[in-house]
Amino acid sequence: MTLRLLALVPLAVGINLAMGQIVSLLALPVYLDTVGTVLVAALAGPWAALATGLVSQLILGLFVNSVLLAFLLVQLLVAVYAGVMCCHFRVFRSAPRAGGSGLVLGILAASASWPISLLVFGGVTSPGVTLVTAVLGGLGLPLRWAVYVASLATDIVDKTATFLVVYAVLSALPGRLAGRFPAAARARGVAG
Amino acid sequence: MIRHVEGTGILHRIHPLTAFGLAVSISTSVFVAPPPLGPVAVLAGTVILAVVSRLPSALGRTVVVSVPFWGFLLLIHGLLRHDPGRAVVIGSRVSTVILVFAAVVTAVQPARLVDALAALRAPFSVGYVFSATLLVVPRLRDRARAISEAQQCRGLRVAGSPLGRIRAVVPLTVPLVLSALSEVDERAVALATRGVGGRAVRTVLHPPNAGGLDVAMGILGVGILVGSFFWRVG
């Protein structure tokens, strides 16, 4: 790991955790806790994103709520997906491309997280998602489908928003700052 | 975030890696132990450990996080699915994991954990990323607050219609992220001037030592795990 990456990872993890403050200020039904991970995937590639995702979830799990440790796999999935999409598909070339990639990630993330939510936590995770699960369960939907639908709805909105926020950040990135991260040009589709 | 609290309890005195090993052992045991009694018994044992270790803040934190969780479990499994026993099992497991990690993180000073990793010759990057992140997080949270106040002074509305609140995400996020990225080079230079990346092996001034209490806690951790396993299969 280069010194620049070593310096970047803690800051990206800090961004992941600080986003919670912005989301709670705006009272939005999303987490945006993978913005730092996706940003690092765009700036430095999949390996740095994996390190960011790993550290982020460990810090969240140890210092915020250890329940979140169970969702480590989902953070790593986000890192790998974002890294691959940035390297090979230039997802941040336009807003629709970024939004579409986030939507697909939302489906993947929900498919990866719902078995954990169901088997380990009995369908209870964050209050908003659990409330949707309870309402769907009350309407007669079997628990496993109620958990999946609730996770899907949340993750699609959250990951689409995450990719759009990272697109906005990359669009606003000054040329001098972007020049320090060669992978950023590829993710934005402005270089080979 | 859970913060370290000074103290002289058992978990404060043992080696940081023994404490984390014990946490992993108890967290595994609560899933291995046979339901419904097993998880409840492991939770009760963990509460006793936290009380003996004089960690009321960890207990308080666990109650705050667990109460809504238990509420939703009883709603979904107790009221909707008529299976309150399952709610108790899942709730006990989750509360045990929350409590044991809250207790260990409250008792173990992060700097001691980094020293323990360095003494084991773990790569410098592991300890650095861990400790630097713990320092960066509160600073970035403060910065996010300052940015939101500054943007509100300039007329940004953070309340009102959902569309208006969604529009406010970018003016709050972009300055935060760009300011963080502008620090990267400064930090990389600071690391280089401290000899990071060189071939010399770094040494620890005061490495944490393991003693008799660590052996006892190690035996306790292994004993809980093995006991839970035999209780399950027996």
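## Chain B: fold and dimensions

Helices here are DSSP runs of H or I with at least four residues, and strands are runs of E with at least two. By that definition, chain B of this predicted model has eleven helices and zero strands. Its pattern along the sequence is accordingly written α-α-α-α-α-α-α-α-α-α-α. Chain B has a radius of gyration of 23 Å, whereas the globule rule gives 17 Å for 234 residues; the value is well over the rule, so chain B is more spread out than a compact globule.

Along the principal axes, the C-alpha atoms of chain B fill a box of roughly 65 × 55 × 30 Å. Of the 234 residues in chain B, 37% are buried. Among contacts in chain B with a separation of 6 or more, 78% are between residues 24 or more positions apart.

## A position in helix α4 of chain B

Helix α4 of chain B covers residues 56-80 and contains V64(B).

A107(B) lies 43 residues away from V64(B) along the chain, and the C-alpha atoms of the two are separated by 19 Å.

## Contact between chains A and B

The contact between the chains takes 46 residues from chain A and 55 residues from chain B. On the side of chain A that touches chain B, the elements giving two or more residues are α1 (3-26), α3 (46-63), α6 (127-138) and α7 (143-172) of chain A. Of these, α1(A) gives the most, with 17 residues.

By residue class, that side of chain A divides into 34 nonpolar, ten polar and two charged residues.

## The largest nonpolar core

The largest nonpolar core has 135 residues, and the members that touch the most others are I15(A), L39(A), A42(A), V166(A) and A103(B). In chain B, both domain 1 (10-110 + 209-233) and domain 2 (122-193) give residues to this core, so the core lies between them. In soluble globular proteins, nonpolar side chains tend to be buried together.

Which residues does L39(A) touch, leaving aside those up to four places away in sequence? They are A12(A), I15(A), V166(A) and V169(A), together with V177(B).

How values were computed:
Residues are numbered from 1 along each chain as its sequence is written. Chains are lettered from A and ligands numbered from 1 in the order in which they are written. This is a predicted model: local features need pLDDT of at least 70, side-chain atom pairs count only at pLDDT 80 or more; totals for chains, interfaces and linings use all residues. A nonpolar core is a set of buried Ala, Val, Leu, Ile, Met, Phe, Trp, Tyr and Cys residues joined through C-beta atoms within 7 Å. A residue is buried if 20 or more other C-beta atoms lie within 10 Å of its own, exposed if 12 or fewer, and partly exposed in between; C-beta atoms are placed from the backbone. Domain bounds come from an automatic or database domain assignment. Two residues are in contact if their C-beta atoms, placed from the backbone, lie within 7 Å. Ala, Val, Leu, Ile, Met, Phe, Trp, Tyr, Cys and Pro count as nonpolar, Asp, Glu, Lys and Arg as charged, and the others, Gly among them, as polar. The radius of gyration is taken over C-alpha atoms; the globule rule is 2.2 Å times the number of residues to the power 0.38.
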